[in-house]
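Dear colleague,

I am handing over the structure we spoke about, and below it you will find my notes on what turned up. Please read them with the model open beside you.

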Amino acid sequence: MTNAPRRVGFAALTLLATVLAGCGGEKSDAGGTADVASLATGSAAPSASAGAAAVAAGRPQLRLDMNEDEKQRLWNTYNYCLRDHGVRENKERSAGAPKGSGIISLDQSGEPKAAYVACADKLPLQPPELDEEKNPNYVIQWNDYVQCLRGRGMKIHSLPDGSGWTYDDVEDATGGLVGAAYDKADKECTMEAFRGKK
């Protein structure tokens with residue numbers, strides 16, 4: 001059985017956040033513009049790339065050493081922008097968020113698309129260490145990350161290309177690392193593998 005939860009966490013989190021937009025917080029003024037991704041031919045391609053690069057340059061950057069509150073504030077800004085631009089809030093689910101967290105739950109349909117375009121400059125970028133295109137050592141460090149989790153009891157092996165892992169034993173793959181224990185191990189192994197021990 002193949003599983004790629006870290007890939008989701010690293011590479012696809014941005015896509016999932018855009019589509020799912022499940023949490024948020026303090027209200028912020030939304031704005032900014034972004035080019036809509038589209039097929040381009042001839043001289044239009046550089047202009048589309050330049051537009052996407054300009055949006056990416058202004059986006060908030062997540063860091064490996066950020067605490068959860070810091071990350072949540074960035075996601076809050078993005079999610080409130082989406083809501084302010086027409087993405088429906090699921091008020092019942094939002095009411096179940098921890099008091100004072102400001103977390104909101106949004107409709108997961110990905111509509112209206114214009115909201116995602118308007119808020120593109122607020123979508124947090126993943127840490128560069130976790131971006132395979134920016135980190136030339138990503139696959140090696142990914143393998144170190146999986147080895148770290150194995151050392152903590154998970155029964156997994158890395159896929160050769162660093163795109164995820166396979167479970168050695170589907171019946172007991174976690175080795176007891178679930179919930180808060182997994183979150184702690186994940187954070188520590190990420191820091192160890194992608195930043196090195198200090």
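This is a predicted model: local features need pLDDT of at least 70, side-chain atom pairs count only at pLDDT 80 or more; totals for chains, interfaces and linings use all residues.

Residues are numbered from 1 along each chain as its sequence is written, and side-chain values use heavy atoms, with hydrogens and water left out.

Taking a salt bridge as a side-chain nitrogen of Lys or Arg within 4 Å of a carboxyl oxygen of Asp or Glu, the count comes to twelve. One of them joins Glu 129 to Arg 195, with the closest N and O atoms 3.5 Å apart. Because Glu 129 lies in the loop between α5 (113–118) and α6 (138–151) whereas Arg 195 belongs to helix α7 (residues 179–195), this pair ties together parts that are 66 residues apart in sequence. Helices here are DSSP runs of H or I with at least four residues, and strands are runs of E with at least two, numbered from the N terminus.

A salt bridge also forms between the side chains of Asp 168 and Arg 150, at 2.9 Å from N to O. This pair links distant parts of the chain, 18 residues apart, since Asp 168 sits in the loop between β3 (165–167) and α7 and Arg 150 in helix α6. As for accessibility, buried means under 20% relative accessible area, exposed over 50%, and partly exposed in between, with a 1.4 Å probe and protein chains only. Asp 168 is partly exposed at 41%, and Arg 150 is partly exposed at 29%.

The side chains of Arg 63 and Asp 65 likewise meet in a salt bridge, 2.9 Å from N to O; Asp 65 is partly exposed at 42%, as is Arg 63 at 39%.

Turning to helix α3 (residues 68–84), its 17 residues should span 24 Å at 1.5 Å a residue, which agrees with the 24 Å between its end C-alpha atoms; the expected span is 1.5 Å times one less than the number of residues. The N-terminal end of α3 is capped by Asn 67, a side-chain oxygen of which lies 3.0 Å from the backbone nitrogen of Asp 69. The buried residues of α3 include Trp 75, Tyr 78 and Leu 82. After α3 comes Gly 86, with a positive phi near 110°.

Key
A polar contact is a pair of N or O atoms within 3.5 Å; within protein, one must be able to donate a hydrogen and the other to accept it, and residues adjacent in sequence count only if both atoms are side-chain atoms.
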